[in-house]
Amino acid sequence: MTGPGGRDGSRLSSVQNAARLLKEFGSADGELGVTELSRRLGLAKSTVHRLLATLTAERLLERDPATGTYRLGLMMWELGAHVSVHRILHDAATTVIEELRNATKETVQVAVLDGREVVYIERLESPHTLRIFGRIGHRNWAHCTSTGKVLLAFLPEQRLEALLQRWRLERRTDATICSLPQLRAELQRVRTQGWAENTGESEIGVASVAAPVRDSRGEVIAALSVAGPVMRVNGDALRGFFRASVIQAGDAISDQLGYRPGRRVPTNRGTPPGFPGPLRPTNQGAS
């Protein structure tokens, strides 16, 4: 369905014009003013002025008071840095998560934190017929997922407290943590042990275990998890084989990102840097 002028009716013309305006700075050698942008975009000066004022207020643009011209703002750099981080994370994780999936025969995911939610940015499906379903870009509440618990647990204290304040924890199942004191205790346990688990807290019949992924400064920037049906991912297997495998894989990705806790040396040079030897699958039962 199209709107006036043959355009897609789902698009907002004001947002589209703002995007076009920002793109002009990518092709410009320096700063641009209202008149030049009006000419380039074919928009009225009053419209351009309103767009510039809004984008400047949101720190996407900066105005030079001496010349009255505009340039890209610090927020654009920050957003670009996030894109770069995700690309670097993808490159570091690709080989490791494939090996982890092949060893565990379960679904492997990499997630990052966005407010009180986790966003899955990498995913490899289990080869089993019976498996969990999802997609890259899928979101879930952080308090009821193993990846979310890891990402919350390793936040700086002030950022964590800001998120916890007035957070009404949504109940997904009977096992979901729904009280802040209980969540605080769980996050403290995760910080102490270095990994998190989830058995039926987000979805009945699904279990997962997650470990942190750190950058070169030691900051936790992502969480890696293995997830599957509780008939295969449970009990001793969850806390033994799956936990050890996820921690090893998380360490391997962190190593490729430049994290060096005590300058550990990989024990097997034939595997990805930081990956301590090939993972060996156990008998997880029929799919």
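Here is our chat about the model, one question at a time.

Trainee: This is a predicted model, so what average pLDDT does the chain have?

Mentor: Good place to start, since pLDDT is the predictor's confidence in each residue. In this predicted model, 81% of the residues score at least 70. The chain average is a pLDDT of 83.

Trainee: Which stretches have a pLDDT below 50?

Mentor: Look at residues 1-7, where pLDDT stays under 50 and the model has nine contacts beyond four places in sequence. Where pLDDT is low, the predicted coordinates should not be read in detail.

Trainee: How many helices and strands are in the chain?

Mentor: The chain has 287 residues, and buried ones make up 43% of them. Among contacts with a separation of 6 or more, 57% are between residues 24 or more positions apart. As for helices and strands, the count is eight helices and eight strands.

Trainee: Are α1 and α2 roughly parallel or roughly perpendicular to each other?

Mentor: Two packed helices are described by the angle between their axes and the distance between the axes. For α1 (residues 13-27) and α2 (residues 34-41), the axes come within 11 Å and cross at roughly 105°. Angles of 65 to 115 degrees count as roughly perpendicular. That is why α1 and α2 are roughly perpendicular.

Trainee: Which residues of α2 meet α1, and what classes are in that contact?

Mentor: On the α1 side you have Arg20, Leu21, Glu24, Phe25 and Ser27. Their partners in α2 are Leu37, Arg40 and Leu41. By class, the contact comes to four nonpolar, one polar and three charged residues.

Trainee: Now α5 and α7: at what angle do they cross, and which residues make the contact?

Mentor: The axes of α5 (residues 146-153) and α7 (residues 180-193) come within 9 Å and cross at roughly 80°. That makes the two helices roughly perpendicular. By class, their contact has five nonpolar, no polar and three charged residues. The residues are Lys149, Val150, Leu152 and Ala153 of α5, with Glu186, Leu187, Val190 and Arg191 of α7.

Trainee: How many residues are in the largest nonpolar core?

Mentor: Its residues with the most contacts inside it are Leu89, Ile97, Leu100, Val110, Val213, Leu224 and Ile253. The elements giving two or more residues to this core are α4, β3, β4, β7, β8 and α8. Apart from it lies another core of 22 residues, including Ala142, Ile177, Val190 and Ala210. The largest core has 27 residues.

Trainee: What phi does lysine 105 have, and what about arginine 59?

Mentor: Most residues other than glycine have a negative phi. Lysine 105 sits in the loop between α4 and β3, while arginine 59 is in the loop between α3 and β1. Neither is a glycine, yet phi is positive: about 60° for lysine 105 and about 70° for arginine 59.

Trainee: How far apart in space are glutamate 203 and cysteine 144?

Mentor: Glutamate 203 is in the loop between β6 and β7. With a relative accessible area of 48%, glutamate 203 is partly exposed. It is 59 residues from cysteine 144 in sequence, but C-alpha to C-alpha the pair is 8.9 Å apart.

Note on methods: Residues are numbered from 1 along each chain as its sequence is written. This is a predicted model: local features need pLDDT of at least 70, side-chain atom pairs count only at pLDDT 80 or more; totals for chains, interfaces and linings use all residues. Side-chain values use heavy atoms; hydrogens and water are left out. Axes are lines fitted to C-alpha atoms, for helices over the stretch in contact, and angles run from 0 to 180 degrees between N-to-C directions. Helices (H or I, at least four residues) and strands (E, at least two) are DSSP runs, numbered from the N terminus. Angles under 35 degrees count as roughly parallel, over 145 as roughly antiparallel, 65 to 115 as roughly perpendicular and the rest as oblique. Contact means heavy atoms within 4.5 Å. Ala, Val, Leu, Ile, Met, Phe, Trp, Tyr, Cys and Pro count as nonpolar, Asp, Glu, Lys and Arg as charged, and the others, Gly among them, as polar. A nonpolar core is a set of buried Ala, Val, Leu, Ile, Met, Phe, Trp, Tyr and Cys residues joined through side-chain atoms within 4.5 Å. Buried means under 20% relative accessible area, exposed over 50%, partly exposed in between (1.4 Å probe, protein chains only). pLDDT is the predictor's confidence in each residue, from 0 to 100.
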